[in-house]
Amino acid sequence: MGFEPPQRLVRTLGETYGDAAAAEWLGELPELAGRALDRASLDTERVMAPGGRSSLVVLVRRADGSPAALKIAPPFTRPDLERDALAHWNGWGAVQLLDEAGEGALVLERLHPEVSLRSLPEAKALLEAAGTVRRLWVEPPTGHGFETVTERTAAQASALELHRADAAAGELTAAALTAREELVAADAETVLLHGNFRQGKVLAGDRTPWLAVGPEPLVGERAYDLARLVRDRVEDLVAASSGASAARRRVNKLADSLDLDRERLRGWSLFRAVESGTRALAAGRRQDAELLLEFASWL
């Protein structure tokens, strides 16, 4: 199978996991894809582009002619945990896991990748997103290997500490770290979370209108899972004259619609926005960083 990996995948893997690790896996990708296609008896239609940020997605046909999607992810992104979460949800609110093809490759139900919740007007998109994510919040499987919110954010907090002295982000960094300390100290919930839930991670389906894809699963409180959704379409919020008040209203509306504590959602939204903003700064994506840090300053 000959192809060039989508540039978004190449760029994001390098920024997130380092150029060396990304280049090594990308170099092996054509052979990995070929073996996965053979193992699962799949026929290729086309590679999705721009595609995902941490995996290759190939539209395929199974041996019986039915459509599916082959997702191949590097081992350092822990595709085994995505597999375990999808198997546990078993199609409830999320894409159905159909088969495994080894070496981090999953055969998934074919959705409509060109139609996500971002194609809907904002109010409708948030309503559908809330209904979708609610289905994912279930008890985790017995003996699971998912990390906790506390564990995942501990590593992020350590990286954030390096930005305390930044002229642009120092004050926000301190506020975000304080918020996290208070939140993890009082976290009593343990449900299975998507981990990276936002409008772009909810695609149109055939058996049900909307299904979540691309989980980075962990266990913990629901407010953490909703915090990434809070800042969806951040560029529109920042461009609006009422952006600050609109952002705060969104926090309150989402919290109320899903029966969450407003302050806990605000705190996780602050932490996750600042963490993403400082990562963007470190990667040289200054425009993204400015948007995220301005949003965080409103919370």
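# Notebook: salt bridges, sheets and helix contacts

I began with the charged side chains, and by the rule applied here the count comes to 24 salt bridges. I keep in mind throughout that this is a predicted model. Side chains of opposite charge can pair when their charged atoms come close. I then looked up one of these pairs, Glu82 with Lys71, whose side chains meet in a salt bridge at 2.9 Å, N to O. Since Glu82 belongs to helix H3 and Lys71 to strand E3, the pair ties together parts that are 11 residues apart in sequence.

Helix H3, residues 79–89, lies across strand E3 (67–72), E4 and E5, and it runs at about 30° to E5.

Next I traced the sheet to which these strands belong, an open one of 5 strands in the order E1-E2-E3-E5-E4, with antiparallel pairing. Strand E1 (43–47) and strand E4 (97–102) stand at the edges with a single partner strand each, so one side of each has no neighbour in the sheet. On average, neighbouring strands of this sheet are turned by 30° against each other, direction ignored. I checked the pairing of E4 with strand E5 (residues 105–109) and found that 4 bridges join the two, which run antiparallel; in this pairing Leu97 stands opposite Leu108 in E5.

I noted a second open sheet, with 3 strands in the order E6-E8-E9 and again antiparallel pairing. Its edges are strand E6 (112–116) and strand E9 (210–212), each with a single partner strand, so that one side of each is left without a neighbour in the sheet. Here neighbouring strands are turned by 55° against each other on average, direction ignored. Strand E8, residues 202–204, is joined to E9 by 3 bridges, and the two run antiparallel, with Val202 standing opposite Ala212 in E9.

Ser41 is not a glycine, yet has a positive phi of about 55°, and I located Ser41 in the loop between helix H2 (19–39) and E1. Ala49 and Pro50 are joined by a cis peptide bond with omega of about 10°, and Pro50 lies in the loop between E1 and strand E2 (56–61).

Which helices did I find packing at an angle of about 40°? They are helix H4 (residues 122–136) and helix H9 (residues 243–257), whose axes are 11 Å apart. H4 and H9 are therefore oblique to each other, and H4 passes H9 in a right-handed crossing. On the H4 side I listed Glu122, Leu126, Ala130 and Arg134, which meet Arg250, Leu254 and Ser257 in H9. By class, this contact has 3 nonpolar, 1 polar and 3 charged residues.

Last, I examined helix H6 (residues 170–185) with helix H10 (residues 262–282), whose axes come within 9 Å and cross at roughly 135°. H6 and H10 are therefore oblique to each other as well, but H6 passes H10 in a left-handed crossing. The residues of H6 in this contact include Leu172, Ala176, Arg180 and Leu183, while those of H10 include Arg264, Trp268, Phe271 and Val274. I recorded the division of the contact of H6 with H10 as 10 nonpolar, 3 polar and 2 charged residues.

Key
Residues are numbered from 1 along each chain as its sequence is written. This is a predicted model: local features need pLDDT of at least 70, side-chain atom pairs count only at pLDDT 80 or more; totals for chains, interfaces and linings use all residues. Side-chain values use heavy atoms; hydrogens and water are left out. Two strands pair if DSSP finds at least two bridges between them. Axes are lines fitted to C-alpha atoms, for helices over the stretch in contact, and angles run from 0 to 180 degrees between N-to-C directions. Contact means heavy atoms within 4.5 Å. Angles under 35 degrees count as roughly parallel, over 145 as roughly antiparallel, 65 to 115 as roughly perpendicular and the rest as oblique. A crossing is left-handed if the near helix is turned anticlockwise from the far one by less than a right angle, and right-handed if clockwise. Ala, Val, Leu, Ile, Met, Phe, Trp, Tyr, Cys and Pro count as nonpolar, Asp, Glu, Lys and Arg as charged, and the others, Gly among them, as polar. A salt bridge is a side-chain nitrogen of Lys or Arg within 4 Å of a carboxyl oxygen of Asp or Glu.
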